[in-house]
Amino acid sequence: MIGNIVAGTFSAGVAPVFSSYESIATVTVGSGGSSTVSFTSIPSDYKHLQLRLIARGGSGSSNDSYMNLTFNSVGSSVYAAHQLFGSGGSAQANAFASQTVIYLNRIAGGSTNSSTFGAVVMDILDYASTTKNKTIRALGGWDGNGSGRISLTSGLYAQTTAISSITLTPEAGSFPQYSQFALYGIKD
Amino acid sequence: MSATYEPIATTTLGSDQTSVTFSSLNTTNFTDLVLVAKASITGGGAGSLLFRFNGDTASNYSYTRIYGDGSSAASDRASNQTAGGIGIIGNQAVSSAGTFIASIQNYLNSTTNKTVISRGSDSSGGYVSAFVSLWRQTSTISSLELRFGSTGGFESARSGSTFTLYGIKAE
């Protein structure tokens, strides 16, 4: 018989779970906006990190607004990125080498509907290693009902230093109110 | 002690189903929802894994996607749809079903439209895909309904398909 189904729910009484996935810190942008979002003093005792965010570009940004990502306050040309993206017309790719930032996935900005935010999930595997350069992978984008972009980003931070801080800045202006950035740690 | 990343509900279909619904989501206190699915559909070809929030069947959804079909990569979009998209899903036997993961962030906020990002890996069905979808409503999300195929002709998810919803809580 073909029909529909309502999924069951886990009832009370399920044994507590000690998760290896933990919340480290969350930044929710207030009414004044924020020109920079930073996570500092990141504990080194996780194996991997995940950053989950919703955000918009600030005043003066383009509709298809990028974000800048740096680690450990390093602003030298030790970053690179590759992107595979689609803006509704064709699949495209770009590459950035020897940059001072990683250009992260695009989000809504500019004159797009002010209630529309982009979303990104970014993973940093083995972030605390002191022998490996750091690679990030991210899925994210925005849709504006007739505009938008979905992209997969691979980024490189060519330093073997453990990551202890993460900084994001918008293309222009400040991240507006209701943008939220949540950092999680994953234990092995 | 509550975990940061918890299962909310799961179902494995015992027969072909035209929809799967997760309800009462506004009674939870997570920050994000993550849907994980391993599924295939009935019908004559590949379609889309689709979603609706709060029983909204109006044209309040849209998506932009990128996908590869084994011979080329492409991107397109759909506006003013009656459902959002998660991934391109094949009609093969469920034993070779594709896997899909969707992230619904800040689902309980009442100030922003809702953006969903997702990936589909359906090699047996012939596609890899990534979607970003928009639900043009600022309401908190209380239910998530999955539909299959296309808004022009829904199909069913095959018996044996599995759908699990997780919650992630930011501190």
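Visitor: Which residue's backbone nitrogen does the side chain of N72(A) reach at 2.8 Å?
Guide: This is a predicted model in which local features need pLDDT of at least 70 and side-chain atom pairs pLDDT 80 or more, while totals for chains, interfaces and linings use all residues, and side-chain values use heavy atoms, without hydrogens or water. Residues are numbered from 1 along each chain as its sequence is written, with chains lettered from A and ligands numbered from 1 in written order. The side chain of N72(A) also reaches the backbone oxygen of A162(A) at 2.9 Å. The backbone nitrogen at 2.8 Å is that of S164(A).

Visitor: Is N72(A) buried or exposed?
Guide: N72(A) is in the loop between β5 and β6 (79-86) of chain A; strands here are DSSP E runs of at least two residues, and helices H or I runs of at least four, numbered from the N terminus. Beyond its neighbours within four places in sequence, N72(A) is in contact (heavy atoms within 4.5 Å) with residues including Y157(A), T161(A) and I163(A). Buried means under 20% relative accessible area, exposed over 50%, partly exposed in between, with a 1.4 Å probe and protein chains only. The relative accessible area of N72(A) is 17%, so the residue is buried.

Visitor: Which ring does the charged end of R149(A) sit over?
Guide: A charge sits over a ring if NZ of Lys or CZ of Arg is within 6 Å of the ring centre and within 35 degrees of the ring normal. Over in chain B, R147(B) lies over the face of F154(B), 4.1 Å from the ring centre. R149(A) is 4.2 Å from the centre of its ring, and that ring belongs to F85(A).

Visitor: Which residue does R149(A) meet in a salt bridge?
Guide: A salt bridge is a side-chain nitrogen of Lys or Arg within 4 Å of a carboxyl oxygen of Asp or Glu, and here the N to O distance is 2.6 Å. The pair links β11 and β5 of chain A, 85 residues apart.

Visitor: Which residue of chain A forms a salt bridge with D32(B)?
Guide: The count between chain B and chain A is 1 salt bridge. The pair runs from strand β4 (residues 48-55) of chain A to strand β3 of chain B, and both partners are buried. The closest N and O atoms are 2.7 Å apart, and the chain A partner is R52(A).

Visitor: About how much area do chain B and chain A bury between them?
Guide: Buried area is the accessible area (1.4 Å probe) that two parts lose on being put together, summed over both. Contacts involve 60 residues of chain B and 54 of chain A. Carbon and sulfur atoms account for 58% of the buried area, which comes to about 4200 Å².

Visitor: Which strand gives the most to the side of chain B that touches chain A?
Guide: Across the two chains there are 21 residue pairs in polar contact, both at pLDDT 80 or more; that means N or O atoms within 3.5 Å, where within protein one must be able to donate a hydrogen and the other to accept it, and residues adjacent in sequence count only through side-chain atoms on both sides. Strands that each supply at least two residues of this side include β1 (5-12), β3 (32-39) and β10 (127-135) of chain B. The top contributor, with 7 residues, is β6(B).
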